[in-house]
Amino acid sequence: MAGFKLTTKMTPKGDQQGAIDKLTKNIKNGIKSQVLLGATGTGKTFTIANVIKNTQKNTLVIVHNKTLAAQLYSEFKELFKENKVEYYVSYFDFYQPEAYIPRTDTYIEKTAKQNQEIEMLRLSTINSLATEKNVIVVASVAAIYASVAPEDFNTFRIILARDQKMNLKQFTYDLVRLQYQRNNVDLSPGTFKKKGDVVEVAPGYADDYYLRISFFGDVIEDIAKVDVLTGNVQEKLKLCVIAPANEYIMNHDRLEESISRIKSELIETEKKFKLNDKLLEAQRIHERTMRDIESMQELGYCSGIENYSRHLELRKAGETPYTLFDYFKNDWLLVVDECHMTIPQVRGMYNTDRSRKETLVKYGFRLPSALDNRPLNFDEFNSKLDNIIYVSATPNEYEIQKSNNNVIEQIVRPTGLLDPIIEIHPSKYQIDDLVVELQKQVDKKEKTFITVLTIKMAESLTEYLKNQKFKVAYLHNELKTLDRAKIINDLRRGKYDVIVGINLLREGLDVPEVSLVAIFDADKPGFFRNDKALLQTFGRAARNANGRVILYADTITEAMKIAIDETNRRRKIQEEYNKKYKIVPKTIVKPIFEDLKSKDDQKAVEAIFHSRNKPNAEKTTKAINILRKEMLEAAKNQEYERAAYLRDLIIDLEGQIKQSKK
């Protein structure tokens, strides 16, 4: 394949071309770190796509949550239809890490529910980076967590060629060594089937085809790529590579040395516990470790095997673990999207993980080497980087300083939409003032977001507005996915005119029907009222041609001034652009994302909302089955944002059933 190729009829507009040219030129001139300061709705993804095309570098796009990662993945896949675009996030639908709480003497086993579709996508990512030249990966911060060593992944592959001499029995043994399981009934990803001289292998990273390898004696006679659904041969292959079935690979060639190292550490750890008269801890670590060793020797696996990764990979204590970054090698590009959120999350992962594991080690639940199964610390993260572009409408000082003030602005929106008008209203009689403003909104059939600082204020304001006959809902962090998504969609459909929230009205919540954002206590100090948070909140009204923001405050704080001045600056730039090109701003038209595909499905789940106190287990189970079927279908159709949404609904409903049984 001849490099990265954009497959779109779109052309750069507004500030996009200037940003593309500057970013590309800086990379080619050896400038390693840059900031793309792009206002909401200016097409930052399209700009980055053009930079990838111009520089021809393998690219990792990292973002702070799965939902945004899925959205970006879909966009890049559409822009680069002829290239490999991969999706790499945590493969757990549900994850409760192993932990110990000394205060209550409570040990919590690791509980995890893996998503096979996402696990397959992760494996596909690693395989593409190991075998392809032009790859784009969209990832969550799961990218900084330990992964299989590139050397192991490259070593544990089977290369097959037509007319190649190969013993059939040895071939099936090699498949098992690569974690493939024999299954003559259901050929799902990560399994193989043998019948006579024919072996069918379903790669762990694909579910739309399998490989059919036909032998004649000890010679490979034919290799075919077969469609899973129809059974038709898609392609005859002269050569193919079978990668491991799972992301984690047990290297049996060094298992003996690994276990020797584990036993040596166990002896030292027991000795220390006994010297400090911690006999319970000594017994606990001995029994657990020996049980795990026995399991590894017999089965090649044990529960929590990742805690022994330092020994299994023969790494030194404290040595940096292998991660997805190691597959990019040299001369690549990292794009940190929503960097004002993503960088702090990356920075905090290491300390959070270490604190939990130190407690487990202290009380004899894990060997000290478990501390080396960890995410990268921030220094290690930075040491892995080559070329980096920080992307945000509100970058932090860290990103700006790290880039030596190489800040490229993308302020103009091709749609012509302006940043909202900012008004400051006094806090005295603010409720009465708000009621007047809301009535204007209702008369115009436009929607409103209201953000406050406390739960009590949100609840009281919601109740008051209901009494004033406004159609209002309260959106808070205790609401589960099912409720939250439904409220947002109900606002867009017209069931509500107003939503009251605390910190849920910021990045990632784009509702074009909202033309007014009202911010209470705008002059109060704190994280939710700093200049970055205010700018992000202002952005919720930037998708509507009539966008306005009302700040209820008695003084203008420094944070307010910075946010207002920056908004007015961006608005002026857009106004000049609109005047020059005679553009009339129009509200974005965005389809309403349906909760479920069919009306019958919607009714099945809707019924649950009206029986919260006494959930109907039969109806809930029926809804779960419907949702699970839709989730798998969405995943197969590569609608990963929808699949993730449906997955969260299933978890929510399963929780309701468990709660009703208590």
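Me: Which residues line the second largest cavity, and what makes a residue a lining one?

Reply: They are Lys44, Thr45, Ile48, Val61, Leu72, Phe76, Val335, Asp337 and Val391. A cavity is a set of points, on a 1 Å grid over the protein atoms alone, where a 1.4 Å probe fits but cannot get out, and a lining residue has an atom within 4 Å of such a point. Keep in mind that this is a predicted model, with local features needing pLDDT of at least 70, side-chain atom pairs counting only at pLDDT 80 or more, and totals for chains, interfaces and linings using all residues. Residues are numbered from 1 along each chain as its sequence is written, and side-chain values use heavy atoms, leaving out hydrogens and water.

Me: What is the volume of the second largest cavity, and which element gives the largest share of its lining?

Reply: The volume is about 70 Å³, counted as the space filled by probe spheres set on the grid points, which are joined across faces, edges and corners. H2 gives the largest share of the lining, three residues. H2, helix H3 (66-79) and strand E17 (333-337) each supply at least two; helices (H or I, at least four residues) and strands (E, at least two) are DSSP runs, numbered from the N terminus.

Me: How many residues of that lining are nonpolar, polar and charged?

Reply: Six are nonpolar, one is polar and two are charged. Asp, Glu, Lys and Arg count as charged, Ala, Val, Leu, Ile, Met, Phe, Trp, Tyr, Cys and Pro as nonpolar, and the others, Gly among them, as polar. Lys44 and Asp337 are therefore the charged pair.

Me: What about the largest cavity: how much space lies in it, and which residues lie nearest its centre?

Reply: It holds about 90 Å³. Of its 13 lining residues, Thr40, Asp419, Leu535, Gly539 and Arg570 lie nearest the centre. Helix H16 (531-538) and helix H17 (558-581) each supply at least two lining residues, and H16 gives the most, with three. The lining has five nonpolar, five polar and three charged residues.

Me: Why is the packing of H16 and H17 given the name it has?

Reply: Their angle is about 40°, with axes 8 Å apart; axes are lines fitted to C-alpha atoms over the stretch in contact, and angles run from 0 to 180 degrees between N-to-C directions. Under 35 degrees would be roughly parallel, over 145 roughly antiparallel and 65 to 115 roughly perpendicular, with the rest oblique. H16 is therefore oblique to H17. The crossing is right-handed, meaning that the near helix is turned clockwise from the far one by less than a right angle.

Me: Which residues of H16 and H17 meet?

Reply: Asp531, Leu534, Leu535 and Phe538 in H16 meet Ala559, Met560, Ile562, Ala563, Ile564, Glu566 and Thr567 in H17, where contact means heavy atoms within 4.5 Å. Eight of these residues are nonpolar, one is polar and two are charged.

Key. On a 1 Å grid over the protein atoms alone, a cavity is a set of points where a 1.4 Å probe fits but cannot get out, and a pocket is an open set with protein on both sides within 12 Å along at least five of seven lines; lining residues have an atom within 4 Å of a point.
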